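Hi,

Here is the structure I promised to pass on. Have a look at it first, and then read my notes below.

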Amino acid sequence: MYNKYFKDYILAYKHRKFLSSSASIYKKFQIKNSIFVHIPKTAGRSIIKSIYGQNLTNVGHRTYFFYKKLYSNEIFKNMFTFSIVRNPFRRLESAYFYLKSGGSNIHDLKI
C-alpha cells in the first residue's frame, strides 16, 4: 500500500507541469471545479467527453490520492470529487472481452 502512495506522489509531482496546459484534463478539472476519478470499465471515456470535452491530454486512471497531491490543498478542498461504479461481475466480463479483443494500447497486450 505504501509503495502505491509513493508512486502516486511522484507521478503527481511530475504532472504538475501540465496544470497550466489548456488541453490537459487537470486544467479542465480546475475550470469545472470537479474531479472525476476514472475507474476502468465504467464508461469513463464517455463521461470525460461529455463533461470536460474531447481531445484532452493526461486522461487516465488516476487515484484520489494522486489528485490530492496534484492540486494545492486550497484548490483541492473546494473541488467536487466523484466517480462511477459498476456491478463487479459485469465489469469483470467487460474487461475480459476488452482484453481478449486486444485492448487499446501496448499495456493491454501484456495481460
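To get your bearings, where is the place of Asn-55? Asn-55 sits in the loop between α3 (44–52) and α4 (64–70). Before you go further, keep in mind that this is a predicted model.

Asn-55 is worth a click for its backbone: phi is positive, at about 55°, although the residue is not a glycine. Is Asn-55 buried or exposed? Its relative accessibility is 72%, and the cut-off for exposed is over 50%, so Asn-55 counts as exposed.

You'll find Asn-33 in the loop between α2 (25–32) and β1. With a relative accessible area of 39%, Asn-33 is partly exposed.

Step along to Ser-34 and you are in strand β1, which covers residues 34–36. Buried means under 20% relative accessible area, and Ser-34 has 9%, so it counts as buried. Which residues is Ser-34 in contact with, once its neighbours within four places in sequence are left aside? They are Phe-29, Tyr-52, Met-79, Phe-80 and Phe-82.

How many cavities of 30 Å³ or more does the structure hold? There is one, and the volume of the largest cavity is about 40 Å³. Its lining is made up of Ile-25, Phe-29, Phe-36, His-38, Ile-48, Asn-58, Val-59, Gly-60 and Tyr-67. Sorted by type, that lining has six nonpolar residues, three polar ones and no charged ones. Phe-29, by the way, is both a contact of Ser-34 and part of this lining.

Like Asn-55, Val-59 belongs to the loop between α3 and α4. Val-59 counts as partly exposed, at 39% relative accessibility. Val-59 and His-38 are 21 residues apart along the chain, and 8.9 Å separates their C-alpha atoms.

Two or more residues of the pocket lining come from each of α3, α6 and α7 (106–109). Which element gives the most? That is α3, with five residues. In total 26 residues line the pocket, and His-38, Arg-45, His-61, Tyr-98 and Ser-104 are the ones that lie nearest its centre. By type, the pocket lining splits into nine nonpolar, 12 polar and five charged residues.

Last stop: α6, one of the elements behind that pocket lining. Helix α6 runs over residues 88–100, which makes 13 residues, and from its first C-alpha to its last it reaches 18 Å, close to the 18 Å expected at 1.5 Å a residue. What caps the N-terminal end of α6? Asn-87 does, with a side-chain oxygen 2.8 Å from the backbone nitrogen of Phe-89. After α6 comes Gly-102, whose phi is positive, near 110°.

Cheers

Note on methods
Residues are numbered from 1 along each chain as its sequence is written. This is a predicted model: local features need pLDDT of at least 70, side-chain atom pairs count only at pLDDT 80 or more; totals for chains, interfaces and linings use all residues. Side-chain values use heavy atoms; hydrogens and water are left out. On a 1 Å grid over the protein atoms alone, a cavity is a set of points where a 1.4 Å probe fits but cannot get out, and a pocket is an open set with protein on both sides within 12 Å along at least five of seven lines; lining residues have an atom within 4 Å of a point. Grid points are joined across faces, edges and corners, and a volume is the space filled by probe spheres set on the points. Ala, Val, Leu, Ile, Met, Phe, Trp, Tyr, Cys and Pro count as nonpolar, Asp, Glu, Lys and Arg as charged, and the others, Gly among them, as polar. Helices (H or I, at least four residues) and strands (E, at least two) are DSSP runs, numbered from the N terminus. The expected span of a helix is 1.5 Å times one less than its number of residues. A polar contact is a pair of N or O atoms within 3.5 Å; within protein, one must be able to donate a hydrogen and the other to accept it, and residues adjacent in sequence count only if both atoms are side-chain atoms. Buried means under 20% relative accessible area, exposed over 50%, partly exposed in between (1.4 Å probe, protein chains only). Contact means heavy atoms within 4.5 Å.
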